Amino acid sequence: MKHPSEEQLVLRYYGESGAPGEIGAHLATCEDCRRAYKRFESALNAVTEEAVPERGDDYVGEVWRSLAPRLPERRARTWFFPRAWKWAPALAAMTAMLAVAFFAGRMSMERRVPSAAAQPAPAVRERVLLLAVGDHLDRSQLMLMEIVNARGGRAVDMSAGRAAAEDLLDANRLYRQTAASAEDFAVTSLLDDLERVLLEIAHSPEALTRGDFERLRKRLESEGILFKVRVAGTRIRDRERGETPARQDKL
Amino acid sequence: MEDDAALVAVVKAGGLSAYRALMERHSRNVFRLAFRMTQNEQDAEDVVQETFLRAYKNIDLFRVESSFGTWLYRIAANCSLDFVRARERRRTTPMPESDVFRAPQPEPERLAFSGELRERIAAALGELSPMERAAFSLRHFDGLSIEEISQSLGPSRGAIKNTIFRAAAKMRQALEPVLSGVTR
């Protein structure tokens with residue numbers, strides 16, 4: 001091997017050399033290159049962390065107080081922005097009714113008309129429910145994340161969260177009943193868990209003390225509801241895309 | 001603990017509190033990078049503000065497949081460069097020449113070695129260009145790979161390799177007189 005360049009020696013020092021074996025073998029036999037490498041090594045070994053001024057405990061709070069008023073409002077679909085959110089319950093209710101209607105229709109047709117040719121395609125029916133539940137889980141996830149990440153002083157305002165939970169609760173009941181009727185037990189179980197959480201939030205006080213809020217947050221985290229909702233949402237999206245076609249596979 | 005991608009999804013949907021959670025995770029690292037590049041505490045503070053403002057305005061451009069931290073570093077590096085360039089333009093009197101290259105060499109036995117070395121290192125880092133300082137610091141102090149530094153700061157891997165080499169050569173040139181005095 002020809003003599004490595006100084007750049008190659010520096011890269012070797014940082015473990016980024018493309019041919020560390022070759023350079024190592026060369027250094028073992030070439031006194032000049034070994035000396036050049038040692039010069040870099042001793043200088044770079046001496047460079048310890050420079051002093052970066054420490055930030056205080058409330059550093060993020062300070063930055064946030066200064067930054068927040070400058071952040072432009074985003075067109076939102078969460079309960080933090082009521083103007084956008086006001087249509088969500090109506091949309092959720094319409095989707096829920098659509099899904100329920102499909103499934104009710106399916107069950108009633110199964111009783112009355114034995115011919116498969118007369119029924120809506122099962123794949124279409126399932127897709128409607130999946131779309132509706134997936135959308136519902138997305139909204140629930142956003143609402144739960146807003147709560148888990150909420151900040152406040154001594155008291156945390158829960159009024160917007162309560163309103164959102166109430167809206168989600170109605171849709172959740174419809175989906176749970178529909179999923180139970182369709183014998184989709186995994187979805188039913190998840191929506192059952194979610195319903196208890198939504199009920200608790202919907203019936204929480206307008207404002208929670210910091211201590212009560214932390215207890216609520218810890219309970220949400222320990223129950224893993226957010227994780228369950230996210231995983232279920234992802235799997236439902238997979239099912240929507242047909243990546244898990246078997247009905248019995250469920251969530 | 002939510003991952004960054006999930007928090008970004010909430011921010012995109014209008015959830016402001018999730019953005020604060022992202023700031024809690026990344027603001028100190030952004031400050032460190034900004035301080036290393038600007039070498040000025042107040043400028044670094046301003047860079048942090050500007051970085052998070054730009055990131056928020058452009059959050060829809062962030063792709064969830066990539067790392068939010070890397071994306072933010074890139075914005076912070078660009079902000080820092082903007083600040084340094086603006087400062088250079090504002091400057092009416094030249095900066096004093098660094099002591100590193102003009103100070104007479106004291107006798108090794110009279111050196112308070114560690115103190116002297118620290119001063120040399122700080123002065124030598126101050127002599128690096130902002131991009132050299134950023135790339136070198138991210139590699140040397142934070143242990144980021146060249147690939148990660150390239151993604152964070154923008155230039156290609158080849159350019160980053162060359163930048164780190166230049167910085168290392170300058171550091172060696174500045175520190176060798178002190179280090180060789182000790183071994184003499």
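Predicted model: local features only at pLDDT ≥ 70, side-chain atom pairs only at ≥ 80, totals over all residues.
Start at the interface: select the residues of chain B that touch chain A, and you will find 44 residues of chain B in contact with 41 residues of chain A (contact means C-beta atoms, placed from the backbone, within 7 Å). Now colour that side of chain B by helix: H1, H2 (16–38), H3 (41–57), H6 (113–127), H7 (130–140) and H9 (157–183) each supply at least two residues.

Residues are numbered from 1 along each chain as its sequence is written, and chains are lettered from A and ligands numbered from 1 in the order in which they are written.

Next, show chain B as a cartoon: nine helices and zero strands (DSSP runs numbered from the N terminus, helices being H or I of at least four residues and strands E of at least two). Of its 184 residues, 43% are buried (20 or more other C-beta atoms within 10 Å of the residue's own, C-beta atoms being placed from the backbone; 12 or fewer is exposed, in between partly exposed).

Zoom in on H1(B), residues 4–12, whose buried residues are B:Leu7, B:Val8, B:Ala9, B:Val10 and B:Val11. Just after H1(B), B:Gly14 takes a positive phi of about 105°.

Finish with H1(A), residues 6–13, where A:Gln8, A:Leu9, A:Val10, A:Leu11 and A:Arg12 are buried; just after H1(A), select A:Gly15, with a positive phi of about 70°.

Key
Contact = placed C-beta atoms within 7 Å.
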